[in-house]
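This briefing goes through a few local features of the structure shown below, grouped by topic. Please read it with the sequence and the coordinates at hand.

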Amino acid sequence: MSSLDERAVSTATSVSIAKPVGPICNLHCDYCYYLDTVDLFARDERFRMSEQVLERYVAGAIAGAITSPVHFVWHGGEPLLAGRAFYESAFELQRRYLPAGWTCLNSMQTNGTLLDDRWATFIAEHHVAVGLSIDGHPAAHDRLRRDRRGRETHARVLAALARLRAHGVEPDILCTVNAVSATDPLTLYRYLRDLGVSWIQFIPVVARDHDGVVTAQSVTPEAFGAFLCAVFDEWVRHDVNRLVVQGFLEGLFVTTSGHGTLCVSAETCGQVLAIEHDGSVYSCDHFVDRAHRLGSLRTDSLSQLANSTRQKDFTAAKRDALPTQCRDCTVLAFCRGGCPKDRFTSTAAGEPGLNYLCAGYRRFFEHARTRLERMGELVARRQRPSLIMTELANAEASRERSFELSRRNDPCPCGSGRKFKNCCLMLRGLIAPATRRDGRVTSQSDVNTPASTPTVGDAGEAKPAPTP
Ligand code: SF4
Ligand code: SF4
């Protein structure tokens, strides 16, 4: 499925994330959160999942799944480094352990730089879903996503996209929102959209150094909120019918069912355990550390670990540890306090556990809520949520007509309560703000501009003021 209209009715499956080569990667992205986990392992570690661990993982994931399809996410590091023979074994094991009538869904999350024609053929033949990491246009992507020799990677990722498409595979796109990519949201979004992609997930980069200080590559809460608002406004007007933005789809799910499907937008954390190459099992891909190691597939079954008290406590803590500010928040149903990995700031009252991105989340959900709810109403009436584009275009046209018909002293059609001449007429540059002798710009409220006085328009050209 590709359009939001279709995905708005989709359901979740049983999922786990496996790391066939642990944190090993051929790139060295400046903001990567996973490379440091290499410190968890011995110096002579080979970082390859053994046949024995692979079999225990595949058998355990299928045994513990509640429903078909059973979703395996092959993650990294860079999962292509495991080689095609590894995945041949994995798929063979899946066939061996699957109950009759059940199916598996395999996904790979790749940086794309190793994806040659043989990989593309393999991926297409085995119906593997692909998540491809692209941080937008070259100027944004190549600043922070370089290989281990410091070389740019954008061109190689685009080549991978072309190869996949040549084999009939349309990847989902993962794009981080970081200090660089957040600076010009519309250019970045339009670039990805114009690549013809059908699914984008925007992932905020929030990383801290060993002293707990947020890194320079991280996005600020304000920039994150501004990014989401700008992209949403463009998407909701032009792209709902052809492009899914995962975070916006999650918002729509909240309006239709009261909860999101992703862990980050759900009340509690998910049961998406991270399985390291050596069989170690962790509570979550973002908590691969000693404190969150649940056990090992060498000694425990995946179900035992998933149902352990420690994992249940981890899962519930997302809800139970919410600070009062979140519990009282008007957008809690959408935000759910965000991912616990980012809850390291304090509320205005000094309570710990507030999400670093709080201001961004709040700004975005307050901004988008009305339109998400309208799309939810359309879904409830069994209409396509993309109809909102037509509704917005009609509303915009009608507002434009009101602007054209309004006179200077009429109430502004935008509903601000101010006179037209003191509001949108001035904001649109159709009437110049007055400038005081001291150089400060003031409201035009008591200044009468003669009809013949030229004013400066949007394009910076002199044009006559509208007739009063
Ligand atoms: S910690 Fe974050 S990424 Fe992990 S399960 Fe919870 S919400 Fe999801
Ligand atoms: S917007 Fe802020 S206060 Fe509201 S739920 Fe999210 S993190 Fe909590």
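This is a predicted model: local features need pLDDT of at least 70, side-chain atom pairs count only at pLDDT 80 or more; totals for chains, interfaces and linings use all residues.

On helix H15, the face turned away from the buried side carries the exposed residues Asn394, Glu404 and Leu405.

**Helix H15**
- Helix H15 runs over residues 387-405, and its 19 residues reach 28 Å from the first C-alpha to the last, which is close to the 27 Å expected at 1.5 Å a residue.
- The buried residues in H15 are Ile388, Met389, Leu392 and Phe403.
- Viewed down the axis of H15, the buried residues fall within an arc of 100°, and therefore they line one face of the helix.

**Ligand 2**
- The largest cavity is the space that ligand 2 takes up.
- Ligand 2 is surrounded by Gln325, Cys326, Cys329, Val331, Leu332, Cys335, Gly337, Cys358 and Arg362.
- By residue class, the shell around ligand 2 divides into six nonpolar residues, two polar residues and one charged residue.

**Ligand 1**
- The residues that surround ligand 1 are Cys263, Val264, Cys269, Gly270, Cys284, His286, Phe287, Phe314, Lys318, Cys339 and Pro340.
- In the shell around ligand 1, eight residues are nonpolar, two are polar and one is charged.

**Threonine 309**
- Threonine 309 has its place in helix H11, which covers residues 309-320.
- Threonine 309 counts as exposed because its relative accessibility is 58%, and the cut-off for that class is over 50%.
- Leucine 294 is 15 residues away from threonine 309 along the chain, and the C-alpha atoms of the two are separated by 9.8 Å.

**Tryptophan 235**
- Tryptophan 235 lies in helix H8, made up of residues 221-238.
- With a relative accessible area of 0%, tryptophan 235 is buried, a class that requires a value under 20%.
- Although tryptophan 235 and leucine 186 are 49 residues apart along the chain, a distance of 9.9 Å separates their C-alpha atoms.

Conventions
Residues are numbered from 1 along each chain as its sequence is written. Chains are lettered from A and ligands numbered from 1 in the order in which they are written. Side-chain values use heavy atoms; hydrogens and water are left out. Helices (H or I, at least four residues) and strands (E, at least two) are DSSP runs, numbered from the N terminus. Buried means under 20% relative accessible area, exposed over 50%, partly exposed in between (1.4 Å probe, protein chains only). A residue is near a molecule or strand if one of its heavy atoms lies within 4 Å of it. On a 1 Å grid over the protein atoms alone, a cavity is a set of points where a 1.4 Å probe fits but cannot get out, and a pocket is an open set with protein on both sides within 12 Å along at least five of seven lines; lining residues have an atom within 4 Å of a point. A molecule sits in a cavity or pocket if more than half of its atoms lie within 2 Å of its grid points. Ala, Val, Leu, Ile, Met, Phe, Trp, Tyr, Cys and Pro count as nonpolar, Asp, Glu, Lys and Arg as charged, and the others, Gly among them, as polar. The expected span of a helix is 1.5 Å times one less than its number of residues. The arc is that of the directions from the helix axis to the C-beta atoms.
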